[in-house]
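Here is a short briefing on one protein chain. Keep the structure open and find each part as you read.

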Amino acid sequence: MTPPRLADRLLRFFCAPHRLEEVQGDLHEEFIWQVGRIGERRARWRYWWDVLGFIKPFAINRKSTIGRFGEYPNPTTTAMLSNYLTIAWRNVLRYKLNSTLTITGLALGLACSLLMILHVREELSYDKGFSKADRIFRITSENIDKKSRQWAATSPILGVEMQKAIPGIQSVARFHRPYPDRVFSYVPSGGTPKQFEEKSGYYADSTVVDVFDLSFVTGDPRTALKQIDAIVLSEAMATKYFGNENPLGKQIQDDLDKRLLTVTGVIKPYSFPTHLQFDYLISMSTYYNSTDKSGLVRRDWAGFYNYVVLNNSASRADVEARMPDFMVKFYEVTGETRKEILTTRRTPIQPITDIHLHSKLEKEMGPNSDITYVYVFSIAALFILLLASVNFINMATAQAFNRMKEVGVRKALGARKDQLIKQFLGESFILTLVAALVAFLLFRLAIPFYNELAAKSLRFGQLFTASNALLLVLLIGLISLIAGFYPALFISNFDPVNALKGKKSQFSSVTLVRKGLIVFQFSVSVFMIFSTIVVYRQMKFFQTKDLGFDQDQVVAVKLYGRDMWDKANTIQQEFQKNSAITNVARISTLPGDRFGTDMLTPLGKSEDASQLRFMWADENTLSVLQIGLKAGRNFVRNANTAHFPIILNEAAAKALKLDSPIGKKAVSLGDTGEIVGIVNDFHFASLHTTVDPLVIVQHPGQANYFLLKIKGHKLDETLQFAQATLARLSPGSLFIYTFLDEKMARLYDSEKRVGNVLNVFAIFAMFISCLGLFGLSAYAAQVRTKEVGIRKVLGATVAGIIVLLSSDFLRLVLIATILAFPLAWWATSRWLQDFAYSIPIEWWMFALTGLLTIAVAVLTISFQSIRAALMNPVRSLRSE
């Protein structure tokens with residue numbers, strides 16, 4: 001059968017009657033030519049068979065179910081869906097490079113975004129699992145003075161008195177942290193004694209069981225924290241001490257207070273994240289029974305964490321409205337007037353769900369996160385999803401030109417625009433679904449590494465909770481819609497005549513859109529690379545900045561228990577006998593820890609009293625830490641003076657308004673001291689804040705640490721010597737030490753973790769962008785194959801052709817770089833404002849970012865450009 005007759009029969013057989021006249025007009029000649037080519041090239045039959053495979057069910061329906069007016073109804077939904085899926089899958093296999101790049105980009109984008117989304121959801125879910133979460137508030141206190149400070153810990157009796165005075169408060173629950181950290185021991189019958197340092201525990205009211213939903217594995221929740229000398233353990237701590245034995249009723253010893261504690265319960269860990277982290281709880285009655293009662297009624301001691309539960313009918317506003325009158329009544333015993341009380345103090349109540357992301361108060365229970373990083377991770381997740389979707393759009397629109405004839409034939413045979421859109425959206429959904437399955441696998445493999453990198457505890461099973469499953473379905477649907485709608489609309493708008501002729505407009509709107517999307521992709525990548533460089537430099541600055549004291553080769557050994565304190569002088573002398581230890585000091589608080597505050601009043605100048613940080617030390621402390629003395633003298637061993645010696649830092653001297661402070665007297669806690677020296681300011685806290693005023697008091701008896709300055713490379717041997725010395729002089733004591741430089745580095749763990757995570761995702765963002773660039777450069781090289789052949793025949797060099805093929809893409813990358821710089825500068829500048837000491841943003845950071853981006857883009861493009869430039873021109877000219 002000749003091609004014209006074959007074409008005529010195909011048209012009559014497949015087309016709807018109302019389309020025959022239109023098709024037989026402008027398209028008939030072009031269709032005859034296309035069908036004729038099928039007979040000339042056997043390979044073309046497979047392509048057209050794919051097309052006819054899609055149309056066949058339509059023809060069957062037409063022949064067997066002709067309507068009463070001569071028109072056939074639409075094919076069944078099942079048949080249409082089956083054909084959509086079949087053709088979609090065949091196209092995935094047919095265009096392997098395009099499909100691989102698209103699926104890889106989507107899978108990486110989805111996997112990265114899933115990690116970030118779960119990270120953000122966990123951050124936002126802190127403390128929301130408590131049954132009374134919407135009614136639990138923490139009482140805080142704020143000093144309103146020259147340097148306002150807000151405290152997480154408050155007076156021991158504050159919550160109790162508030163409950164008496166304010167009707168809306170239903171119950172109160174309090175925690176108090178033991179000081180110093182506890183050492184517990186347990187000696188099993190006939191077994192080896194077990195002794196551990198425990199840093200995570202509190203004295204607690206019995207009401208915490210109900211307020212904070214403690215779930216008991218064993219023990220009676222009603223009585224577990226009511227009796228004296230009772231302790232409740234976490235499951236992990238119970239296993240550590242007692243193994244598989246039933247711990248209920250067993251006794252462990254508090255080695256510091258030489259007190260036996262009876263285990264009255266074991267509790268499960270919380271199934272949700274919370275700022276309340278503890279391994280044990282000791283009954284509050286134990287603390288009240290063993291401490292000085294006068295301290296327990298002090299209104300100015302920030303020693304307890306007070307939580308209140310409001311009635312169902314009460315609101316936060318109701319409680320806060322009654323606070324001024326309550327504060328006046330609470331503090332009037334100090335002799336202050338109403339005006340003095342209300343102008344110097346505030347007592348805000350803080351929702352428990354705000355603590356983790358919105359609270360960085362003095363004396364927090366532990367380090368909290370920051371809502372800023374939630375925003376950062378949310379935006380990063382959105383950007384990476386957009387990058388992957390942009391990849392899809394670019395690859396789909398580029399690949400669309402290879403399917404012009406297919407679309408032309410479909411339109412010629414009666415396919416409507418909405419049917420084409422549905423088909424290509426179906427292909428988008430299939431690619432997205434395959435990418436999602438790959439993303440789940442990548443997510444499963446990446447979780448352990450991500451948890452270690454970000455210090456999280458994400459689990460693969462979290463993906464399949466009801467809310468997360470719904471989120472995933474919506475996410476996959478949204479991505480397939482966003483990524484597939486524009487390509488589907490673009491393809492469905494092909495003019496059938498031009499499509500069948502294979503004409504491609506070089507100046508179509510899709511070209512501008514594709515270029516715009518490339519610019520967007522690389523703008524995001526540039527933004528993330530620049531941010532990564534700034535974060536890295538800030539972290540490096542923390543490590544290298546001169547803190548004003550020497551932290552290298554300084555080891556802090558903890559003093560534990562009465563026996564070690566009593567023998568501290570002897571132990572210190574024995575340590576100094578080792579030639580590798582250049583000096584030994586005693587100190588109450590290590591740099592990097594939270595220094596307590598108290599009032600210091602210059603004698604006779606009560607108006608200049610200030611609340612300052614305090615540290616107790618001996619005469620060797622300045623020498624070990626190499627803190628510079630600006631004026632006066634150092635402490636003297638066994639100084640014979642009626643007043644305890646004081647050394648101030650420069651900030652403290654300024655706060656006290658003392659022009660010539662040496663020799664001046666000052667009062668603190670009822671005792672009078674003499675200022676004997678002034679030291680240079682040094683950063684004993686993190687660089688997030690400026691140097692606070694500090695008072696150093698000579699009082700080795702208050703020390704909690706030995707500071708050992710070790711020389712040479714005999715660190716391990718020296719530590720072994722120190723441990724042996726301690727075991728000999730104070731048997732049964734734990735040898736617990738820390739390196740001072742490592743302790744200071746931990747102050748920036750949060751920023752370091754965020755920086756590391758952003759580094760990884762910046763690399764993936766660049767990689768995803770380069771996947772798209774690689775695919776588009778491959779397509780561009782393919783489209784211009786004949787042009788390259790002609791240029792080579794006319795004498796063009798390989799280098800010239802590489803520049804020709806690469807220049808368009810590099811211009812887009814350069815534009816993206818320039819557009820991203822202002823936003824990157826603004827965002828990183830805002831982040832750096834959170835630090836009292838930060839790096840300047842310098843020109844070389846922009847230059848390095850630009851060079852890295854362009855270098856990666858050149859490497860990505862060059863492979864296809866070089867390949868096209870080296871192709872034999874004879875093959876190039878035959879390619880079309």
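L233 stands opposite Y280 in β12. This is a predicted model. The briefing begins with this strand and then moves along the chain.

- β9 and β12 pair in the antiparallel sense, over 3 bridges.
- Strand β7 (residues 201-204) also pairs with β12, but in the parallel sense and over 4 bridges.
- Strands of a sheet pair through backbone hydrogen bonds, either parallel or antiparallel.

**The chain as a whole**

- The protein chain has 30 helices and 26 strands.
- Of its 880 residues, 51% are buried.
- Take the contacts between residues at least 6 apart in sequence: 81% of them join residues at least 24 apart.

**Helix α9: one buried face**

- Helix α9 covers residues 235-242, and M237, A238, Y241 and F242 are buried in it.
- Seen down the axis of α9, these buried residues fall within an arc of 105°, so they line one face of the helix.
- What do the buried residues of α9 pack against? They pack against β5 (182-186), β6 (194-198), β9 (230-234), β10 (251-254), β11 (259-267) and β12 (280-283).
- G243 follows α9, and its phi is positive, near 60°.

- 3 strands form an open sheet in the order β3-β2-β14, with antiparallel pairing.
- β3 (149-151) and β14 (345-346) are the edge strands, and each pairs on one side only.
- Strand β2 (residues 141-143) pairs with β14 over 2 bridges, in the antiparallel sense.
- E142 has R346 in β14 as its bridge partner.

- 5 bridges join β16 to strand β25 (residues 705-710), and the two run antiparallel.
- Strand β26 (residues 737-739) pairs with β16 over 3 bridges, again in the antiparallel sense.
- V557 takes part in both pairings: its bridge partner in β25 is F706, and V557 stands opposite Y737 in β26.

**Two helices packed together**

- Helix α21 (residues 568-575) packs with helix α24 (residues 715-729) at an angle of about 145°. Their axes are 10 Å apart.
- The crossing of α21 past α24 is right-handed.
- From α21, the contact involves T570, I571, E574 and F575. From α24, it involves F721, A722, T725, L726, R728 and L729.
- By class, the contact of α21 with α24 has 6 nonpolar, 2 polar and 2 charged residues.

**L805 in helix α28**

- L805 is found in helix α28, which covers residues 798-832.
- Is L805 buried or exposed? The relative accessibility of L805 is 7%, so L805 counts as buried; the cut-off for buried is under 20%.
- L805 and S777 are 28 residues apart in sequence. In space they are 7.9 Å apart, C-alpha to C-alpha.

**Backbone exceptions**

- Most residues other than glycine have a negative phi, and most peptide bonds are trans.
- Where is a cis peptide bond found? One joins Y179 and P180, with omega about -5°.
- P180 lies in the loop between β4 (169-176) and β5.
- A455 is a residue other than glycine with a positive phi, near 55°.
- The loop between α16 (417-454) and α17 (466-492) holds A455.
- A455 has 49% relative accessibility, so A455 counts as partly exposed.
- Q626 is also a residue other than glycine with a positive phi, near 55°.
- Q626 lies in the loop between α22 (621-625) and β20 (629-632).

Notes. Residues numbered from 1 in each chain as written. Predicted model: local features only at pLDDT ≥ 70, side-chain atom pairs only at ≥ 80, totals over all residues. Heavy atoms only, no water. Axes fitted to C-alpha atoms, helices over the stretch in contact; angles between N-to-C directions. Left-handed = near helix turned anticlockwise from the far one by under 90°. Contact = heavy atoms within 4.5 Å. Nonpolar A, V, L, I, M, F, W, Y, C, P; charged D, E, K, R; others polar. Pairing = 2+ DSSP bridges. Buried < 20%, exposed > 50% of the residue type's maximum accessible area, 1.4 Å probe, protein only. Arc of directions from axis to C-beta.
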